[in-house]
Amino acid sequence: MSFDQSKWVWMNGRVIPWQDATTHVSTHALHYGSGVFEGIRCYETPDGPAIFRLTAHLERLYNSARVHGIEIPYTHNELSEGICELIERNEFRSCYVRPLCYFGSGSLSLHPAKCPVEVAILTWPWAPYLGAAGLENGVRITVSPWKKFHSEMMPTTAKACGQYINSILAVREAVSRGFDEALLLDVDGHIAEGSGENLFIVRKGELLTNDERHSILMGITRDAVIQIARDLGYEVTSRALSLDDLADADEAFFTGTAAEVTPIREVDGALINGGQRGPVTHDIQRIFFSAVAGRDERYRDWLHFVTLQTVGHR
């Protein structure tokens, strides 16, 4: 990941130079994680840059803010226009988009009543989160000693800044032992999700995944993959998943905005599908990447096209 090509940031209603997008060290969110955010991808298509499922991402952003008592001082349309303007100003054909809403500087009491709500949007080029090779060859994962928090501890269906400490602990521990990613269990010992991805298991041509009952963030990419799988004729079942289910899997893969659709080839040394990407995973990848590139008319309504005046070739 590099921010070198990002020249502009949208902050509190204005596009400003990247180097001017600063915040004070007394900012409430810096101390307590009191903010919400989204991760969105914009893809290059024959008709210009297109943002994948922008409406769904913004709806989740506002829902996350509502759960955490953050009143976003901009409308959906204003943030949508801000994202498009920022992509245009940065002259990106494809990029990652990060809207962030957080309590700013005003008080360091735990209750942020005196803190203004700040809103920023960043864009930058970001390759596949788990590596381009991982998309083809799969990734090695490990079951984390850290558990995913329960929805009675923090709202698991909201995408809030502070709760990602749970994910940071898990992924750092996994990487320290030589793995690509962590898999977290919930407090009951069922599979929850990766540090930043939802999980699918393939067994006998059926896709198995879990849902909000199992401490997961309900992923936008997860939802898209379920639709693609059903359109391809696969049965999809949502239920509790155990480590035994994963051990018996014919295939397994992660989904997420950053990870996209990434095969899992190994879990704690045990190979899945002989350590190779499976045919069902490959089938879903093929349709997914065709859809986000604007090459599959069935899913064109997932794309929000950016109107550009002048675009550099990046």
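A crossing of two helices is called left-handed if the near helix is turned anticlockwise from the far one by less than a right angle, and right-handed if it is turned clockwise. By that convention, H6 passes H8 in a right-handed crossing. Helices and strands here are DSSP runs (H or I of at least four residues for helices, E of at least two for strands), numbered from the N terminus. This is a predicted model, in which local features need pLDDT of at least 70 and side-chain atom pairs count only at pLDDT 80 or more, while totals for chains, interfaces and linings use all residues. Residues are numbered from 1 along each chain as its sequence is written, and side-chain values use heavy atoms, with hydrogens and water left out.

Back to that helix pair. The axes of H6 (residues 220–231) and H8 (residues 279–292) come within 10 Å of each other and cross at roughly 110°. Axes are lines fitted to C-alpha atoms, for helices over the stretch in contact, and the angles run from 0 to 180 degrees between N-to-C directions. H6 is therefore roughly perpendicular to H8, going by a scale where angles under 35 degrees are roughly parallel, over 145 roughly antiparallel, 65 to 115 roughly perpendicular and the rest oblique. On the H6 side, the contact (heavy atoms within 4.5 Å) uses Thr221, Val225, Ile228 and Ala229, and H8 brings Ile284, Ile287 and Phe288. Sorted by type, that contact has six nonpolar residues, one polar and no charged. For this sorting, Ala, Val, Leu, Ile, Met, Phe, Trp, Tyr, Cys and Pro count as nonpolar, Asp, Glu, Lys and Arg as charged, and the others, Gly among them, as polar.

The other helix pair is H2 and H3. Their axes come within 11 Å and cross at roughly 125°, so H2 is oblique to H3. This crossing, too, is right-handed. Leu54, Leu58, Glu59, Leu61 and Tyr62 of H2 meet His76, Leu79, Ser80 and Ile83 of H3. The tally for this contact is six nonpolar, two polar and one charged.

Now for the cores. A nonpolar core is a set of buried Ala, Val, Leu, Ile, Met, Phe, Trp, Tyr and Cys residues joined through side-chain atoms within 4.5 Å. Buried stands for under 20% relative accessible area, exposed for over 50%, and partly exposed for anything in between (1.4 Å probe, protein chains only). The largest nonpolar core has 30 residues, and those with the most contacts inside it are Trp10, Ile51, Ile72, Leu79, Ile83, Ile87 and Val119. At least two core residues come from each of strand E4 (40–43), helix H2 (54–67), helix H3 (76–89), strand E6 (95–103) and strand E7 (117–124). A second, separate core of 24 residues includes Ala50, Phe200, Val202 and Val225. Beyond its neighbours within four places in sequence, Trp10 contacts Val15, Tyr74, Glu78, Leu79, Gly82, Leu86, Val119, Ala120 and Ile121.

Phe200 sits in strand E11 and is buried, with a relative accessible area of 0%. Residues up to four places away in sequence aside, Phe200 touches Leu207, Leu208, Thr209, Arg222, Val225, Ile226, Glu251, Ala252, Phe253 and Thr255. Phe200 and Leu241, 41 residues apart in sequence, are 9.5 Å apart C-alpha to C-alpha.

Around helix H1, Thr27 is placed in the loop between strand E2 (14–17) and H1. Thr27 is buried because its relative accessibility is 2%. Not counting residues up to four places away in sequence, Thr27 touches Tyr102, Phe103, Gly104, Ser105 and Leu108. His28 belongs to H1 itself (residues 28–32) and is also buried, at 2% relative accessible area. Gly33 lies in the loop between H1 and strand E3 (35–37). The C-alpha atoms of Gly33 and Ala160 are separated by 7.7 Å, although the two are 127 residues apart along the chain.

Most residues other than glycine have a negative phi. Glu91, not a glycine, has a positive phi of about 55°; this residue is in the loop between H3 and E6 and is partly exposed at 29% relative accessibility. Lys204 likewise has a positive phi of about 55° without being a glycine. Lys204 is in the loop between E11 (198–203) and strand E12 (206–209), and at 81% relative accessibility it counts as exposed.
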